[in-house]
Structure formats: C-alpha cells, structure tokens
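Here is a short briefing for a reader who is new to this structure. Start with the model below, then take the topics in turn.

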Amino acid sequence: MDFNRLFHEKIFYLSILLALASILIGTAWSSIPPGTVLPSDISFSLLESALQSKAALFALPVAAALPFGDAYLKERQWNYLRFLLIRQSRGTYCQSRILVTAVSGPLVWFFAACLALLFFFLTFFTRKSVSTWPLDCLFSLLAMSARLFLCASFLSSLSAVCAVLGGSAYLAFGLPFLLWYSCIILRERYLESLYYLDPSEWLSPQNDWGTVQAGLWILLVSLALLGAAAHRMVLERKLTES
C-alpha cells in the first residue's frame, strides 16, 4: 500500500526530474569531441562521471528526502494516521513506513540514472564504434550506483527521523542537506586526513579503503542500516506516546 502511495505522489516524479537534471548538468559534455567516432562505453562512462559530479552530489540529499521524508507528518496533519493504525497494527505500520522510506531515495536515483542512460544511448548510438556492452565499465557503474543508492537510503531515513523528532517538514528536508554539505566542507577545509567523513569520497573513493574497498562498503551499509534502525526507534516511540 505504501509503495502504491509512493508511485502516486507527484513529489516522487519531481524528485526524479531533479535527480535527472543534476545528472545532465554534471555530465562532462565538453569531453566529447564533435564529429568523431566514440568508444562503445561512452554512455556508461558519461553516466558514472555525472553521478560523481558536484551537481549530483549536492542534489542527492534533496532528491532522496523529498519523496517520503515527511510522510509521517502529512499523515498526522491530515488525521490519516489514526485510520491507518485502525486498519493495521503499529508494528506493521512501522515496518511498512521504514521499508518504503529507506527505498524511496534509491528508487528516485535508479529511475533518474536509467533515464539518463537511455538519453545518452539514443544521443550517441550512431557515433559508437561498436554497439557492445563493455563489462568492465558496466561493473564499475553498478558499483558506483550501489554506493549512491546506499547513501540515498541513509539520507531518506535521516529525513524521516528529523520529521518525527522535529515535527517540521523544513527540518526533514533541510537537516540532511545541511549535514551532508557540512561533512564535505569539514573535510575539504579543516580535516583533510579524515577522508571517511567526506560524502564525495563515498561516491568516488580516492583513498585506501582496503581490499575491494571493503571498508567503504561496510561504512555505507552500516549507515543505511543505522538510519533505518533510528527511524524505527523514533517512530515506535512517537506512536507509543500518542
């Protein structure tokens, strides 16, 4: 039911458009030589670099938080929460809300990335040397996308936590962006050695994270799980108090 609701929300599709716009803005168009034959992996490489761009980096917390971050606030303000709790138990409600919230952010960026990839493919199809699927570039793009989806999941859950605790949509949308941007500034200007605090490093790792970047994967999975766990804890507590 919550997924049904998510796919019927206009804000979900606006978030996809925002993410898509940031990808296209962050695309390295100047690196494409005019009138020449392009390598077969041009679509994948353009998308991967665009997802690591500053435009996508700053749009990530906003596009991840918008679809479902303030869902609890809307239900409470519209007196829809009581109706939902009558139809299902608190545990079922919490599980559904936590799952859809954690997945909403990654879904936004998944659809945006698919649309951008389709756009690149149709734009440069006639200029490719060979129409093949280069596996190395594809695997690199999938790994980078998975890191971005984990970040988006954490930010979606963080937005929901801020909404429940603060009772304000401004906090739900603003605080994740503020925290995300603060971590970038903190690392760039003051704590250069603490690269694990920098979200841009999470998307495009330049430092040693161990074999197959195991340390980075552990960090991102832990953040996503921690965000979902915190969301469940504050939501259950809020429902018990009310």
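Buried means under 20% relative accessible area, exposed means over 50%, and partly exposed lies in between (1.4 Å probe, protein chains only). By that rule α3 is mostly covered, with 8 of its 10 residues buried. Helices (H or I, at least four residues) and strands (E, at least two) are DSSP runs, numbered from the N terminus. This is a predicted model: local features need pLDDT of at least 70, side-chain atom pairs count only at pLDDT 80 or more, and totals for chains, interfaces and linings use all residues. Residues are numbered from 1 along each chain as its sequence is written, and side-chain values use heavy atoms, with hydrogens and water left out.

**Confidence**

- pLDDT is the predictor's confidence in each residue, from 0 to 100.
- The protein chain averages a pLDDT of 88, and 96% of the residues score at least 70.
- Helix α2 (residues 10–25) has the highest mean among the elements, 95. Helix α6 (residues 81–87) has the lowest, 76.
- Where pLDDT is low, the predicted coordinates should not be read in detail.

**Covered helices**

- In α3 (42–51), the buried residues are Ile42, Ser43, Phe44, Leu46, Leu47, Glu48, Ala50 and Leu51.
- These buried residues pack against α2, α4, α7, α8 and α10, where contact means heavy atoms within 4.5 Å.
- Helix α4 (residues 54–65) also has buried residues: Ala56, Leu57, Ala59, Leu60, Pro61, Ala63, Ala64 and Ala65.
- The cover over the buried residues of α4 includes α2, α3, α7, α8, α9 and α10.

**Around Cys151**

- Cys151 lies in helix α8 (residues 135–166).
- Cys151 counts as buried because its relative accessible area is 2%.
- Leaving aside neighbours within four places in sequence, Cys151 is in contact with Leu60, Trp180, Trp202, Leu203 and Leu220.
- Cys151 and Trp202 are 51 residues apart in sequence, yet 8.3 Å apart in space, C-alpha to C-alpha.

**Around Asp198**

- Asp198 sits in the loop between α9 (169–189) and α10.
- Its relative accessibility is 3%, so Asp198 counts as buried.
- Asp198 touches Cys183, Ile184 and Arg187, not counting residues up to four places away in sequence.
- The side chains of Asp198 and Arg187 are joined by a polar contact of 3.1 Å.
- A polar contact is a pair of N or O atoms within 3.5 Å; within protein, one must be able to donate a hydrogen and the other to accept it, and residues adjacent in sequence count only if both atoms are side-chain atoms.

**Positive phi in a loop**

- Val212 lies in the loop between α10 (199–203) and α11 (214–241). Gln213 is in the loop between α10 and α11 too.
- Phi of Val212 is near 45 degrees, a positive value in a residue other than glycine.
- Gln213 has a positive phi of about 55 degrees and is not a glycine.
- Val212 is exposed, with a relative accessible area of 69%. Gln213 is partly exposed, at 27%.
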